[in-house]
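Visitor: I have a model open here. Can we go through it together?
Guide: Go ahead and ask.

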Amino acid sequence: MFQAIQVLGSLLILAGFIAAQRSWLDPQTWAYLWLNLVGSGILAVQAAMTEQWGFLLLEAVWALVSLIGIVQKLRGRRS
């Protein structure tokens with residue numbers, strides 16, 4: 001089950017990345033930001049649980065940047 005959740009988190013991040021690279025999804029959209037926040041959040045929690053500090057740093061920062069983007073959109077700073 002642990003592996004399945006980890007794969008889900010990875011797939012969410014990859015879906016957003018691939019969609020942005022193919023110009024199917026703008027990186028400023030809600031969908032892109034939420035895919036990244038949820039995916040990286042899942043991976044950050046799992047990295048913390050397994051004490052993988054480098055991976056935790058990567059995913060926590062990724063989640064934080066996505067969260068900042070969501071907060072900015074909520075405040076009307078992004079279209």
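Visitor: Which residue just after helix 3 takes a positive phi?
Guide: Gly-76, at about 85 degrees. Helices here (H or I, at least four residues) are DSSP runs numbered from the N terminus.

Visitor: What should I know about the source?
Guide: The model is predicted, so local features need pLDDT of at least 70 and side-chain atom pairs count only at pLDDT 80 or more, while totals for chains, interfaces and linings use all residues. Residues are numbered from 1 along each chain as its sequence is written, and side-chain values use heavy atoms, with hydrogens and water left out.

Visitor: How many residues does helix 3 have, and how far does it reach?
Guide: Helix 3 runs over residues 53-74, has 22 residues and reaches 31 Å from its first C-alpha to its last. That is close to the 32 Å expected at 1.5 Å a residue, where the expected span is 1.5 Å times one less than the number of residues.

Visitor: Which residues of helix 3 are buried?
Guide: Glu-59, Ala-63, Ser-66, Gly-69, Ile-70 and Lys-73. Buried means under 20% relative accessible area, exposed over 50%, and partly exposed in between (1.4 Å probe, protein chains only).

Visitor: Why are they on the same side of helix 3?
Guide: Because they cover an arc of only 115 degrees around the axis, taken from the directions from the helix axis to the C-beta atoms.

Visitor: What do the buried residues of helix 3 pack against?
Guide: Helix 1 (2-21) and helix 2 (30-49). Contact means heavy atoms within 4.5 Å.

Visitor: And which exposed residues does the face turned away carry?
Guide: Trp-53, Gly-54, Leu-57 and Val-65.

Visitor: What does Gly-16 touch, not counting residues up to four places away in sequence?
Guide: Tyr-32 and Leu-35.

Visitor: Where does Met-49 lie relative to Gly-16?
Guide: The two are 33 residues apart in sequence and 25 Å apart in space, C-alpha to C-alpha.

Visitor: What else is buried in helix 1?
Guide: Besides Gly-16, the buried residues are Gln-6, Gly-9, Leu-12, Ile-13, Ala-19 and Ala-20. The buried residues of helix 1 pack against helix 2 and helix 3.

Visitor: Which residue takes a positive phi just after helix 1?
Guide: Ser-23, at about 65 degrees.

Technical notes. Helices (H or I, at least four residues) and strands (E, at least two) are DSSP runs, numbered from the N terminus.
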